[in-house]
Amino acid sequence: MEGIASETVDQLSPKRVEKKSPGFLGLRPFAWRSYRDLHRQYAQDDQLRLKNLVINGFVSGYIREREKNGKK
């Protein structure tokens with residue numbers, strides 16, 4: 001569960017969303033719109049949420065735990 005929570009926080013990170021938003025003269029005036037669009041996509045699309053948040057989070061959390069316990 002920790003991996004899924006971490007992946008969700010990472011995917012919805014303001015800095016990550018800002019980097020993906022369109023830029024104009026070095027500024028990111030559409031970062032908030034990009035964040036709202038991403039949040040709406042996750043809220044409305046179960047498959048996208050499952051693929052990007054749950055599965056990626058589970059796998060990364062599992063790998064982290066195995067590495068922490070020395071079992072590769």
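User: What covers the buried residues of α4?

Analyst: The cover includes α1 (2-11) and α3 (31-44). Covering rests on contact, meaning heavy atoms within 4.5 Å. This is a predicted model: local features need pLDDT of at least 70, side-chain atom pairs count only at pLDDT 80 or more, and totals for chains, interfaces and linings use all residues. Residues are numbered from 1 along each chain as its sequence is written, and side-chain values use heavy atoms, leaving out hydrogens and water.

User: What makes α4 a helix, and how does its reach compare with the expected one?

Analyst: A helix is a DSSP run of H or I with at least four residues, numbered from the N terminus. α4 has 23 residues, 46-68. The expected span is 1.5 Å times one less than the number of residues.

User: Which residues of α4 are called buried?

Analyst: N52, L53, G57 and G61. Buried means under 20% relative accessible area with a 1.4 Å probe, protein chains only; exposed means over 50%, and partly exposed lies in between.

User: Why is K20 called exposed?

Analyst: Its relative accessible area is 62%. The cut-off is over 50%, so K20 is exposed. K20 sits in helix α2 (residues 14-20).

User: Which residues make up the largest nonpolar core?

Analyst: Five: L12, V17, L38, Y42 and L53. Such a core is a set of buried Ala, Val, Leu, Ile, Met, Phe, Trp, Tyr and Cys residues joined through side-chain atoms within 4.5 Å. Beyond its neighbours within four places in sequence, L38 is in contact with Q11, L12 and V17.

Definitions and conventions:
Helix = DSSP H or I, 4+ residues; strand = E, 2+ residues; numbered from the N terminus.
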